[in-house]
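Please keep the sequence and the structure in view while reading.

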Amino acid sequence: MNQDSYSSDQPTGQDPLVLLKTLQLLWTKQELGKLKEEIRRGFARLEDPLAGLLAMLESSSDWKGKGHSLGYCITTELQLWIKAHPAVPQSGTKLKKLQARVLGMLSQCPANLLDPLISIYQLHTADRNYLLEHVSHLYLQGNYKEAAILSIKLKLQPDQDVEKMCTPLLLQDKANLVEAYVAEYPELQRKLLQTLDTWCESSFNIRDIIRPYQGLSKYNPEKFNRRVLSKLIFRLLERFNVDSALCPNVINQRHLRTLNYLFYKRFVEKTMTEENWADHIQSTVGENRWLQAHLVQSLLRHCDARGAARWAQHCQVPPEMLPQAVAEELQKLHIQDRVEEVTKADNYEASKKKDYYQLPIPRENIHFLQTWEETLQCWEKVLQAGQVVGVDMEWKPSFGMVGKPRVALLQLALKDEVFLLDLPRLLEQAEAEGEKEKLPHFIQMLYSDAAITKLGYGMSGDLSSLAATCSALKDTEKQMLGVVDLLAVDKQLQWGKDSRKVDGLSPEHSHEERGVRQPEKGLSLLVQHVLGKPLDKTEQLSNWEKRPLREEQILYAASDAYCLLEIYERLCKDPESFGLGSDLTESLVGKQSKKPRAKKQLNKQEAPSPSGQEFQGPRTEPSHPPAPISPQEFSVVCDNMLQGLGRYLRCLGVDVRLLDNEDDHRKAAEIARQEGRVILTSGLPYQTVCNCNKYLKVSRERMKQLVESSRQVSGEHSAGCPGSQSCSVTVPVCDTAQPGCTPHSEQAEGTDQCRAAMGLAGDTVLQVTAIPPGVLDRAELTDFYCCTCCGKVFWEGSHFGRIVSQFQDVLVASGNTQSFYELS
């Protein structure tokens with residue numbers, strides 16, 4: 001740009017382009033101190049510093065690059081200089097001209113220049129219609145990202161169409177920018193969520209959204225489907241704390257998945273009682289006619305028309321919505337005075353009792369507390385120096401719904417009695433009386449008192465839910481004293497060889513009985529090891545928010561807390577027989593809790609104590625199997641062949657991340673490394689893959705040469721080779737790509753060998769002998785992939801295709817034809 005183009009804005013004073021040349025020289029020499037001093041001195045000599053800055057930016061392309069640039073340095077220094085010289089800012093027609101010039105530059109600006117330029121040229125004071133027109137022009141040119149960012153910076157969102165602005169961003173997989181666009185505007189948040197939910201209607205054709213943007217750059221149609229939209233909606237609902245009733249379509253779909261899961265637990269796995277199942281069915285279906293219709297259809301598939309009719313009657317489903325067979329059964333039910341209830345056989349209950357841990361205290365010593373007066377009597381007994389208290393909590397299973405579970409029941413067990421606190425009712429009463437802090441106050445007193453021993457199992461997960469229930473308790477874990485997390489103790493216990501057979505039944509039970517029961521785990525397994533019988537976990541998935549609680553729920557909740565007292569007493573009485581140190585009590589109680597390390601710092605051999613305390617007992621020998629951990633401490637990433645398993649694990653409290661159908665399996669490894677998660681997969685990719693993040697591509701022809709070299713070496717040294725697996729090619733590290741990189745001094749040919757030699761770590765053995773005969777002759781295989789850490793060789797197989805064909809009725813085809821192992 002020549003000087004005449006800005007001479008009207010620069011009538012006198014130093015030429016800004018002369019100043020720019022001086023600054024460029026200092027920038028090249030990296031004399032930053034002199035540079036900043038010269039910038040401030042130069043602006044003081046300019047007649048119009050604001051016009052001068054634009055002239056310098058327009059005459060240099062340096063500022064358009066990302067990161068720190070001379071243009072960024074000049075702009076930020078001017079911003080600081082203006083603060084020190086408040087008389088500099090302009091107004092009126094002159095400022096409008098400058099604003100028009102800078103607006104034309106903003107779409108090309110790196111992100112770090114936007115805020116300084118908007119501030120210097122007071123763009124927030126510019127004519128709003130003019131700004132909207134400029135952003136609209138950017139949008140029509142296809143610069144959707146730039147239009148959205150500028151709208152956010154200038155706070156133009158209330159005057160724009162949220163669906164129009166966000167749709168192309170979602171198609172380009174820029175959900176984070178969409179969140180930022182609506183972040184400060186609740187009304188826009190609701191409009192966006194309603195729009196996204198409309199797109200999730202089963203009758204809606206999602207191609208109608210895509211059609212106007214067919215030529216969109218960086219658009220991946222596989223990343224824009226109802227599953228992705230559903231996940232985004234739930235994330236936004238939670239982030240913006242919006243009522244989920246605003247999105248009925250995705251809520252219905254999630255309830256339907258819960259319904260299917262409940263049918264699986266009841267009729268396939270057969271691990272849920274009829275009472276628990278009925279409670280959850282009722283709360284899931286409610287008065288939703290669409291879900292009620294699905295319920296009736298599922299009942300017809302899993303039981304009979306009479307069972308479906310009973311539920312249709314219970315839900316008051318109109319006869320016209322029912323299949324004919326169910327409608328006929330419903331008419332018969334109307335004739336009866338009442339529906340007969342299914343009762344349990346007494347002999348079954350009696351036989352069941354002798355198989356499980358039983359409370360040693362009478363039923364009248366279990367107190368269900370719903371009023372503050374009752375609770376005060378409880379605290380008088382609990383908050384006594386020297387007291388030992390078993391603490392447990394229960395909450396309604398979330399079945400993958402939004403938000404953390406909220407505690408519905410707090411159990412406190414003493415030597416002779418157990419208190420079950422109805423936490424929602426007590427918190428509601430306290431708030432109504434204007435004393436909502438009094439219950440949290442008592443709970444904090446309990447956990448922070450070093451003179452009271454608190455026993456738990458997986459305390460970290462319990463306290464996380466407690467904090468979600470009452471925000472005043474969010475720092476409880478940091479203030480804990482005198483706590484014993486028996487999960488941490490469980491990890492140290494040295495069980496004998498025989499006692500590690502954890503099928504949950506005594507040896508005298510028959511094989512048929514063993515096949516019915518699920519293996520014991522967690523606290524139930526610890527109870528079995530220490531006290532001889534496992535816990536009865538039948539009520540674990542109860543609806544703990546429903547009142548009144550059933551008798552089975554009350555006994556279950558009391559047992560979960562009281563068994564902690566008996567375990568602790570038994571371990572303290574004879575710790576050495578369990579492989580523990582003799583100073584058990586001293587090593588566990590009275591220490592201040594340490595803050596648990598972040599998950600990312602943990603490796604597979606390390607597990608944090610949920611209570612934050614370390615147990616100084618003998619270490620388990622490496623030959624022993626790992627001790628059970630609580631679901632709250634287990635974090636996994638499931639590949640896209642195990643999405644169902646991942647959803648079930650979430651119901652149990654496990655921290656689960658799921659790959660989408662279109663995600664490459666490598667993403668699981670990346671997530672696992674970044675977040676310290678365990679990979680769960682049913683496919684081949686991770687059965688033999690090590691924890692390496694670099695795989696080198698080797699052509700089929702080059703791999704043939706390496707295999708042939710290996711065979712020659714094997715023939716020469718066969719007398720010293722115990723097996724074929726040890727006769728492989730060692731590829732040494734090379735600092736540069738050069739022809740001298742050779743396996744066993746063999747002259748390398750081609751770039752593939754050099755690339756492999758450069759990437760393999762330290763004399764890594766390339767395990768080419770593991771490649772089965774005939775694989776190298778397959779014409780469809782053009783490349784092989786070598787792990788740079790362990791030397792294993794991988795190639796694409798047909799397993800993925802077989803799995804897709806076998807499960808095509810449950811897998812959503814993504815259309816992704818990317819190679820299963822394509823790691824370039």
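In this predicted model, strand β13 (residues 783-787) is mostly covered, with four of its five residues buried. Strand β10 (residues 695-699) is joined to β13 by five bridges, and the two run antiparallel. Within this pairing, L696 has C786 of β13 as its bridge partner.

Strand β13 is also joined to β14 (residues 793-794), again in an antiparallel manner, by two bridges. Here Y785 stands opposite F794 of β14. The hairpin of β13 and β14 has five residues between the strands, and G791 takes a positive phi near 85 degrees in this hairpin.

A further part of the model is an open sheet of six strands in the order β1-β4-β3-β2-β5-β6, with mixed pairing. Because β1 (366-369) and β6 (483-485) stand at the edges with a single partner strand each, one side of each is left without a neighbour in the sheet. From one strand to the next, the twist averages 20 degrees. Inside this order, β2 (residues 388-395) and β5 (residues 453-456) run parallel and are joined by three bridges; G390 stands opposite L455 in β5.

Terms used:
Residues are numbered from 1 along each chain as its sequence is written. This is a predicted model: local features need pLDDT of at least 70, side-chain atom pairs count only at pLDDT 80 or more; totals for chains, interfaces and linings use all residues. Side-chain values use heavy atoms; hydrogens and water are left out. Buried means under 20% relative accessible area, exposed over 50%, partly exposed in between (1.4 Å probe, protein chains only). Two strands pair if DSSP finds at least two bridges between them. Axes are lines fitted to C-alpha atoms, for helices over the stretch in contact, and angles run from 0 to 180 degrees between N-to-C directions.
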